[in-house]
Amino acid sequence: MRAGGGAGGSAARQGGGAGGSAARAAGEERALTSVAAGDRFEGEKPEDLPRLWHVTLSVSGEEAPLKEVRRALEQLAHDHPFLLTSRYANDHAEIRYWEEARDLHDAAAVALRLWGEHRQTAGLPPWEIVGLEVIDRQTYHQRIAEGYGPPPASPVGVHPF
């Protein structure tokens with residue numbers, strides 16, 4: 001989703017609310033503001049850092065030969081041994097791994113760069129990221145215990161869907 005939002009947004013969101021500036025011109029980007037990742041409220045104690053995050057990255061795009069997709073994912077796993085498992089088909093793939101990061105924002109940022117930054121070196125297909133899930137270790141294990149989470153990543157490696 002683009003930072004500017006789409007047509008039909010409220011006047012308040014577009015700056016046209018009471019006391020706000022005039023609405024943006026079509027196509028003009030809106031600056032997003034939020035609390036910086038890792039900022040804490042006064043008196044709040046930092047948690048033990050860094051933490052482990054379970055990441056599932058889903059990508060898809062135009063069909064590619066299965067042998068090339070498998071070879072590229074194996075190369076990515078070789079270059080980055082933190083990858084637990086990859087599943088693939090000729091038009092999509094899913095990569096699951098544990099990331100050590102200060103917070104969810106950092107883990108997600110690393111995950112969102114993974115595919116694009118390693119397309120050339122690993123020979124990955126020119127697919128786009130279509131899904132990302134980042135959950136903390138406690139949530140991952142809670143889901144497994146309750147029987148509704150993803151099965152543990154075994155066998156580790158690169159496998160067809």
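Strands (E, at least two residues) and helices (H or I, at least four) are DSSP runs, numbered from the N terminus, and two strands are said to pair if DSSP finds at least two bridges between them. The model is predicted, so local features need pLDDT of at least 70 and side-chain atom pairs count only at pLDDT 80 or more, while totals for chains, interfaces and linings use all residues. Residues are numbered from 1 along each chain as its sequence is written, and side-chain values use heavy atoms, with hydrogens and water left out.

Strand 2 (residues 83-88) is antiparallel to strand 3 (residues 92-101), with five bridges between them. Tyrosine 88 is set opposite alanine 93 of strand 3, and a hairpin of three residues connects the two strands. Strand 2 also runs parallel to strand 5 (residues 157-160), through four bridges; here arginine 87 has histidine 159 as its bridge partner.

Two aromatic pairs were found in the whole structure, where rings of Phe, Tyr and Trp (its six-membered ring) pair if their centres lie within 6.5 Å, and planes under 30 degrees apart count as stacked, over 60 as edge-to-face and the rest as tilted. Tryptophan 98 and tyrosine 140 are edge-to-face, at 5.0 Å centre to centre and 80° between the planes. Tryptophan 98 belongs to strand 3 and tyrosine 140 to helix 4 (residues 137-146), 42 residues apart. The rings of tryptophan 115 and tryptophan 127 are stacked, because their planes lie at 5° with centres 6.1 Å apart.

Buried denotes under 20% relative accessible area, exposed over 50% and partly exposed in between (1.4 Å probe, protein chains only). Tryptophan 98 is partly exposed at 22%, whereas tyrosine 140 is buried at 7%.
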